[in-house]
Amino acid sequence: MANTTTTTTSLSNSEESSPLLSKNLQEHDEEPTKISDTKVAAPPMEKEKSAALELDRPECGWTANGLPLNHASVVGQPMGRAQWDSSVFACLGRNDEFCSSDLEVCLLGSVAPCVLYGSNAERLGSSPGTFTNHCLPYTGLYLIGNLFFDLNCLAPCFSYPSRTAIRRRFNLEGSCEALNRSCGCCGSCGDDELQREQCESACDFATHVFCHPCALCQEGREIRRRLPHPGSNARPVLVMIPPGGQAMARGA
């Protein structure tokens with residue numbers, strides 16, 4: 001005990017006798033307060049987020065197709081699936097600004113599905129000749145199926161990839177994901193990405209086979225709400241107006 005007391009007293013005496021050690025200890029004790037008092041400049045991303053929160057504006061990004069994205073703003077974060085604007089059996093659409101377009105889609109799907117399919121492909125492809133390249137083969141398969149089988153059973157096998165293309169382009173929710181979200185089934189297909197896509201493609205095929213007119217109408221309503229008609233993308237024409245007549249002022 002005497003040895004420990006002597007060592008502690010010697011250490012305290014050495015601390016008191018060395019002014020540099022006491023100065024370092026004081027600086028070490030005052031260092032956290034200095035760090036806490038100083039303000040660290042926030043990076044530009046944090047400044048933008050704080051400005052958006054102060055103005056009550058949602059942080060939004062943009063997808064590769066130019067669609068607004070209100071979530072998954074972090075790079076590498078998976079983007080959530082969007083739902084279809086209307087269900088398969090909502091033949092008359094909704095009572096909004098697209099009501100007349102929905103009625104047109106319903107009429108075309110009932111009377112001339114070949115025209116509706118060609119119009120959907122034209123809006124989705126936006127390339128010259130798309131309407132003809134899709135409408136004519138569909139019409140041939142439609143006539144052959146009704147002639148030999150008295151049923152439109154061949155055209156859905158040709159038109160179902162358009163549903164898959166629409167779903168992939170706009171990141172829409174498929175039938176398997178909808179069932180998994182609503183009742184919890186199809187859970188095994190949702191684990192593997194390849195199996196899930198194969199299941200969704202099979203559901204797209206089944207939807208066109210068993211509910212072909214309703215599937216075409218749903219795709220037409222979805223495309224018309226998301227994409228303008230290719231004919232409306234006309235380039236603006238620059239009109240140059242010549243200046244008015246100018247007269248030279250006479251000298252005094």
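Predicted model: local features only at pLDDT ≥ 70, side-chain atom pairs only at ≥ 80, totals over all residues.
Residues are numbered from 1 along each chain as its sequence is written, and side-chain values use heavy atoms, with hydrogens and water left out.

The chain contains 10 helices and 2 strands, where helices (H or I, at least four residues) and strands (E, at least two) are DSSP runs numbered from the N terminus. Followed along the sequence, these elements come in the pattern α-α-α-β-β-α-α-α-α-α-α-α. Of the 252 residues of the chain, 25% count as buried. Taking contact to mean heavy atoms within 4.5 Å, one finds that 62% of the contacts between residues at least 6 apart in sequence join residues at least 24 apart.

One of the buried residues is T130, which lies in helix α6 (residues 130-148) and has a relative accessibility of 6%. Leaving aside neighbours within four places in sequence, T130 is in contact with A121 and E122. T130 and G118 stand 12 residues apart in sequence, and their C-alpha atoms are 7.3 Å apart in space.

The next topic is the packing of helices. Two packed helices are described by the angle between their axes and the distance between the axes; the axes are lines fitted to C-alpha atoms, for helices over the stretch in contact, and the angles run from 0 to 180 degrees between N-to-C directions. Helix α5 (residues 113-125) packs with helix α10 (residues 212-226) at an angle of about 35°, the axes being 10 Å apart. On the α5 side, P113, L116, Y117, S119, N120 and R123 meet L216, C217, E219, G220, I223 and R224 of α10. By class, the residues of this contact divide into 6 nonpolar, 3 polar and 3 charged, with Ala, Val, Leu, Ile, Met, Phe, Trp, Tyr, Cys and Pro counted as nonpolar, Asp, Glu, Lys and Arg as charged, and the others, Gly among them, as polar.

Within α5, L116 is buried at 0% relative accessibility. Not counting residues up to four places away in sequence, L116 touches V105, L108, G109, L216, C217 and R224.

A second pair is formed by helix α7 (residues 155-169) and helix α9 (residues 193-210), which pack at an angle of about 130° with their axes 8 Å apart. That makes α7 oblique to α9, since angles under 35 degrees count as roughly parallel, over 145 as roughly antiparallel, 65 to 115 as roughly perpendicular and the rest as oblique. The crossing of α7 and α9 is right-handed, and their contact has 5 nonpolar, 6 polar and 6 charged residues.

D204, in helix α9, is buried, with a relative accessible area of 2%. Beyond four places in sequence, D204 touches Y160, R163, T164 and R167. The side chains of D204 and T164 are joined by a polar contact of 2.8 Å, that is, a pair of N or O atoms within 3.5 Å of which, within protein, one must be able to donate a hydrogen and the other to accept it, residues adjacent in sequence counting only if both atoms are side-chain atoms.

Key
Left-handed = near helix turned anticlockwise from the far one by under 90°. Buried < 20%, exposed > 50% of the residue type's maximum accessible area, 1.4 Å probe, protein only.
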